[in-house]
Amino acid sequence: MKKKQLVTRRKAIITGSAAIGGFLLYKTIKSSPTPTYGSILRMGDAFTYEAQRALLSKKALAKEYSRDDISSFPATGTVNPADEGSKTYSKEYAATHRNAFAGWELSIEGRVNKPGKYSLESLQSLPQRTQITRHSCEEGWTAIAEWTGVQLGRVLQSVGILPSARFVNFYAYDGFMDSIDMTDAFHPQTILAWGMNGIPLPIQHGAPLRVRVEKQIGYKSVKYLQRIVVTDEYVGPGDIGWAWYTGI
Ligand SMILES: Nc1nc2c(c(=O)[nH]1)N[C@H]1C(S)=C(S)[C@@H](COP(=O)(O)O)O[C@H]1N2
Ligand SMILES: [Mo]
């Protein structure tokens, strides 16, 4: 009798906590600003996102290193979208590459007061930041490099984002795209980088301009930037098999 009661009670506790867990999960998803695509597989994103956002200060800095820590740095994904043989060949990229990026411009669009095309020089005329950080790729490797560029937050401030804006979307010449929220966009170490280890960004690392999102895993640092689009709503990426939010 006693044993049976215990089992029943334990069962009740398990059932009860599962129900509470389920309810909390439902609440998290319902109230979360994280996109979930309504997919059960995406629920993990909401947990990571909510947990990180709740636990960490919004401006906590990623660790910065010294010059002695700079390591060799593999290039992944697209090697050169100017190569006609490459499966991510881009005619526009090939054209600007032929010109050594003279006249290259970054398009900034969407929910901003001053949409337009911005030259590298105009981005370089804003205050610049140099940081030595560790890149972590989802494939398991890490590498340390020095990056120089302008804080994305400063750029967004200078083009003026509308109060309803919530996402910053990055579109690359090779077809790659990803997005971040305003907390990461205004993080002091989120920069549009044109320099790597003291020289202009090499082609294989995303010339002429890439984003560095130091508070997330490597694939959020989109290379070969072509367009930045500010939106109120989540627009992408679609399901690329990687979590949308991957705070580190
Ligand atoms: N446009 C573009 N950006 C990209 C990628 C890509 O294939 N195309 N790969 C991502 C991934 S998975 C990683 S790990 C880093 C690699 O940056 P690196 O080539 O400078 O090492 O770029 C990210 N940004
Ligand atoms: Mo990666």
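## Strand pairing and the overall fold

Two strands are said to pair if DSSP finds at least two bridges between them. In this predicted model, strand E4 (residues 142-151) meets that condition with E7, the two pairing in the antiparallel sense over five bridges. The chain as a whole contains six helices and ten strands.

Of its 248 residues, 44% count as buried. Among contacts between residues at least 6 apart in sequence, 67% join residues at least 24 apart.

## Strand E4 and its partners

Strand E4 is largely enclosed by the rest of the structure, because nine of its ten residues are buried. Besides its pairing with E7, E4 is joined by nine bridges to strand E3 (residues 128-136), and these two strands run antiparallel. Glutamine 128 has valine 150 in E4 as its bridge partner. The hairpin formed by E3 and E4 has five residues between the strands, and glycine 140, in the turn, has a positive phi of about 110°.

Glycine 149 stands opposite alanine 193 in E7, and tryptophan 147 has methionine 196 in E7 as its bridge partner.

The hairpin of E7 and E8 has two residues between the strands. Asparagine 197 is placed in the loop between E7 and E8 and has a positive phi near 50°, although this residue is not a glycine. With a relative accessible area of 35%, asparagine 197 is partly exposed.

## Nonpolar cores

The largest nonpolar core has 43 residues, and those with the most contacts inside it are Leu106, Leu152, Val168, Phe170 and Leu192. Beyond its neighbours within four places in sequence, leucine 152 is in contact with Val168, Phe170, Ile180, Ala185, Thr190, Ile191, Leu192 and Ile228. A second, separate core has five residues, including Tyr49, Phe167, Tyr234 and Trp244.

## The largest pocket

The space in the largest pocket amounts to about 370 Å³. Its lining comprises 24 residues, of which Thr76, Gly77, Phe176, Tyr219 and Lys223 lie nearest the centre of the pocket. By class, the lining residues divide into eleven nonpolar, eight polar and five charged.

Serine 90 is placed in the loop between helix H2 (43-55) and helix H3 (91-98). Its relative accessibility is 6%, so serine 90 counts as buried, the limit being under 20%. Apart from residues up to four places away in sequence, serine 90 touches Pro81 and Tyr173.

Alanine 94 is found in helix H3 and is buried, with a relative accessible area of 5%. Not counting residues up to four places away in sequence, alanine 94 touches Ala82 and Tyr89. The C-alpha atoms of alanine 94 and glutamate 84, which are ten residues apart along the chain, are separated by 8.2 Å.

## Backbone exceptions

Most residues other than glycine have a negative phi, and most peptide bonds are trans. Phenylalanine 101 has a positive phi of about 65° although it is not a glycine. This residue lies in the loop between H3 and strand E1 (105-110). Phenylalanine 101 counts as buried at 17% relative accessibility, whereas asparagine 197, with its positive phi near 50°, is partly exposed.

Two cis peptide bonds involve prolines. One joins alanine 207 and proline 208, with omega of about 0°; proline 208 is found in the loop between E8 and E9. Another runs from glycine 236 to proline 237, with omega near 10°, and proline 237 is found in the segment after strand E10 (225-231).

Notes:
Residues numbered from 1 in each chain as written. Chains lettered and ligands numbered in written order. Predicted model: local features only at pLDDT ≥ 70, side-chain atom pairs only at ≥ 80, totals over all residues. Heavy atoms only, no water. 1 Å grid on protein atoms, 1.4 Å probe; cavity = no way out; pocket = protein on both sides within 12 Å on 5 of 7 lines; lining within 4 Å. Points joined across faces, edges and corners; volume = space filled by probe spheres on them. Nonpolar A, V, L, I, M, F, W, Y, C, P; charged D, E, K, R; others polar. Core = buried A, V, L, I, M, F, W, Y, C linked by side-chain atoms within 4.5 Å. Buried < 20%, exposed > 50% of the residue type's maximum accessible area, 1.4 Å probe, protein only. Contact = heavy atoms within 4.5 Å. Helix = DSSP H or I, 4+ residues; strand = E, 2+ residues; numbered from the N terminus.
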